[in-house]
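Thanks for coming, everyone. Let me put the structure up, and then I'll walk through it.

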Amino acid sequence: MHVLSRARKLWRRVPRARRAEEFDRAVAEFFMRIALEEAARGAGRTSPNPAVGAILVKGGRIVARGYHRKAGTAHAEVVALEAAGPRAKGADLYTTLEPCDHWGRTPPCSQAILEAKVRRVICASSDPNPLVNGKGLARLRRAGVEVITGVLREEADALNRPFFKWVTRGLPYVTLKAAITLDGKIASGSGDSRWITGPEARLLVHRLRDRVDAVLVGANTVRTDNPRLTTRLPGGGGHDAVRVVVDSWLRLRADHAVFSRRPAARTVVATTLSVKSRRARKLEARGVEVWTVAGRGGQVDLRALMRRLGAEGMLHVLVEGGARVFGSALRDGLWDELWIFVAPKLVGEQGLTWSGALPVRRMAEAIAVGDFQVQKVGRDVLLKATAPAPAGPRRGTSRGGGAAS
């Protein structure tokens with residue numbers, strides 16, 4: 001169906017007095033959703049750049065699409081403009097993030113837009129990067145290009161939360177993911193955890209891994225579960241995030257699956273020991289990177305590790321366990337989002353609680369969460385929550401980070 005036909009259906013539902021205003025908004029949102037679909041194709045692959053999508057529309061039809069594939073390649077707007085060629089003249093450009101106006105690895109998008117003689121630019125999100133931050137839009141307006149901002153901004157902002165946090169604070173966006181039983185356990189009393197959730201939930205986790213820069217676990221999780229921490233999607237494909245193992249004293253054997261050369265996923269071990277130690281050299285001989293990270297209480301300082309990951313350009317870190325790492329992240333406010341898969345199973349009091357030890361003695365001290373959503377996934381339930389917006393300094397930010405083994 002022609003795009004305008006769909007938009008007209010929306011238009012007919014609007015009272016006549018408001019049709020002109022609402023029709024334009026409906027059309028803009030319709031096209032911006034397509035641009036957002038383009039942007040999502042680059043999620044997890046563009047760091048340290050944001051995921052951006054763009055489309056060019058002329059006469060009610062999409063004449064070109066583009067998305068940013070990875071850092072150092074053309075930005076989404078330029079990809080779309082090059083695909084459109086001369087058809088870009090007089091077209092409307094929809095972009096999920098405001099165009100850049102500075103030289104980096106690639107020329108400024110604002111310049112390319114002006115050279116293509118685009119009629120109008122419709123933008124969803126503002127870019128907090130000081131190198132951008134309104135400069136590209138200002139240049140377009142000075143040149144006489146009509147600019148409309150804020151279309152589906154909330155959806156566009158959600159896509160680039162990791163970039164926004166990283167560019168303003170230098171820290172990655174952190175998602176804590178746990179699979180638990182109905183009574184809150186991540187393993188039985190013997191340590192067995194295969195499998196708590198069903199295949200639908202596990203597939204969703206692989207889709208999440210496909211969109212992050214790093215997957216982080218503690219040494220106990222590697223020792224107990226021997227995970228690969230790779231992305232395995234139906235039909236193959238997918239993106240393997242950097243595998244990060246917190247092993248404060250390098251006590252793990254080098255033959256665990258996560259240290260295998262196949263697949264050739266980048267693997268990092270964070271430790272408090274010197275990279276010149278014998279244990280470190282054994283891991284490095286298998287192609288593993290060993291980072292010496294500041295310690296706290298005899299364990300790796302989780303905040304220091306997050307700073308190092310941010311400095312390496314990793315925008316989104318998925319923490320998959322275990323309880324000690326979860327507890328450190330929760331205690332010190334080193335999390336932005338929770339994904340808790342709850343299975344309809346019970347294991348009893350001897351099972352291992354997912355959140356580890358928390359300094360909560362009274363209910364008033366309990367760690368609160370922000371926005372909360374519930375989703376059915378097969379026979380399991382996914383609970384998604386965001387960290388609450390802090391009224392003052394975030395819990396733990398004044399005392400350094402948490403420790404993890």
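Start with serine 110, which is placed in helix α4, residues 109-116. A word on terms: helices (H or I, at least four residues) and strands (E, at least two) are DSSP runs, numbered from the N terminus. This is a predicted model, so local features need pLDDT of at least 70 and side-chain atom pairs count only at pLDDT 80 or more, while totals for chains, interfaces and linings use all residues. Residues are numbered from 1 along each chain as its sequence is written, and side-chain values use heavy atoms, with hydrogens and water left out.

Is serine 110 buried or exposed? Serine 110 has 0% relative accessibility, so it counts as buried. Buried means under 20% relative accessible area, exposed over 50%, and partly exposed in between, with a 1.4 Å probe and protein chains only. Contact means heavy atoms within 4.5 Å. Leaving out residues up to four places away in sequence, serine 110 touches Pro99, Cys100, Asp101, Gly136, Arg139 and Leu140.

Now serine 125. This one is in strand β4. Serine 125 is buried too, at a relative accessible area of 1%. Its contacts, again not counting residues up to four places away in sequence, are Thr96, Leu97, Glu98, Arg153, Ala156, Asp157 and Phe164. From serine 125 to proline 99 is 26 residues in sequence and 9.9 Å in space, C-alpha to C-alpha.

On to the sheet. Strand β4 belongs to an open sheet of five strands, ordered β2-β1-β3-β4-β5, with mixed pairing. Two strands pair if DSSP finds at least two bridges between them. At the edges are β2 (61-67) and β5 (146-149), each pairing on one side only. From one strand to the next, the twist averages 15 degrees. Axes here are lines fitted to C-alpha atoms, for helices over the stretch in contact, and angles run from 0 to 180 degrees between N-to-C directions.

Helix α5, residues 135-142, packs on this sheet and touches β4 (120-125) and β5. Its direction makes about 145 degrees with that of β5. Inside the sheet, β1 (residues 53-58) and β3 (residues 92-97) run antiparallel, joined by four bridges. Valine 57 has aspartate 92 as its bridge partner in β3.

Next, the cores. A nonpolar core is a set of buried Ala, Val, Leu, Ile, Met, Phe, Trp, Tyr and Cys residues joined through side-chain atoms within 4.5 Å. The largest has 37 residues, and those touching the most other members are Leu176, Leu216, Leu305, Leu309, Val319 and Trp354. Elements supplying at least two residues each include β6 (173-181), β8 (214-218), α11 (302-311) and α12. Which residues does leucine 305 contact, leaving aside neighbours within four places in sequence? They are Leu216, Val244, Val246, Ala270, Trp291, Val293 and Val300. There is also a second, separate core of 27 residues, with Leu208, Val258, Val288 and Val377 among them.

Leu208 brings us to helix α8, residues 199-209. The buried residues of α8 are Ala201, Leu204, Val205, His206, Leu208 and Arg209. Their cover includes β6, β8, β14, β15, β17 and β18 (380-386).

Helix α12 next. Seven of its nine residues are buried, so the helix is largely enclosed by the rest of the structure. Phe326 is one of the buried ones. After α12 comes glycine 333, with a positive phi near 65 degrees.

Now rings. Rings of Phe, Tyr and Trp (its six-membered ring) pair if their centres lie within 6.5 Å; planes under 30 degrees apart count as stacked, over 60 as edge-to-face and the rest as tilted. By that rule there are five aromatic pairs. One of them joins phenylalanine 326 and tryptophan 354, edge-to-face, at 5.4 Å centre to centre and 70 degrees between the planes. Phenylalanine 326 is in helix α12 (residues 323-331) and tryptophan 354 is in the loop between β16 (352-353) and β17 (372-377), so the pair ties together parts 28 residues apart in sequence. Both residues are buried. Elsewhere, ring pairs link Phe30, Phe31 and Tyr94 into a cluster.

Of its 405 residues, 50% are buried.
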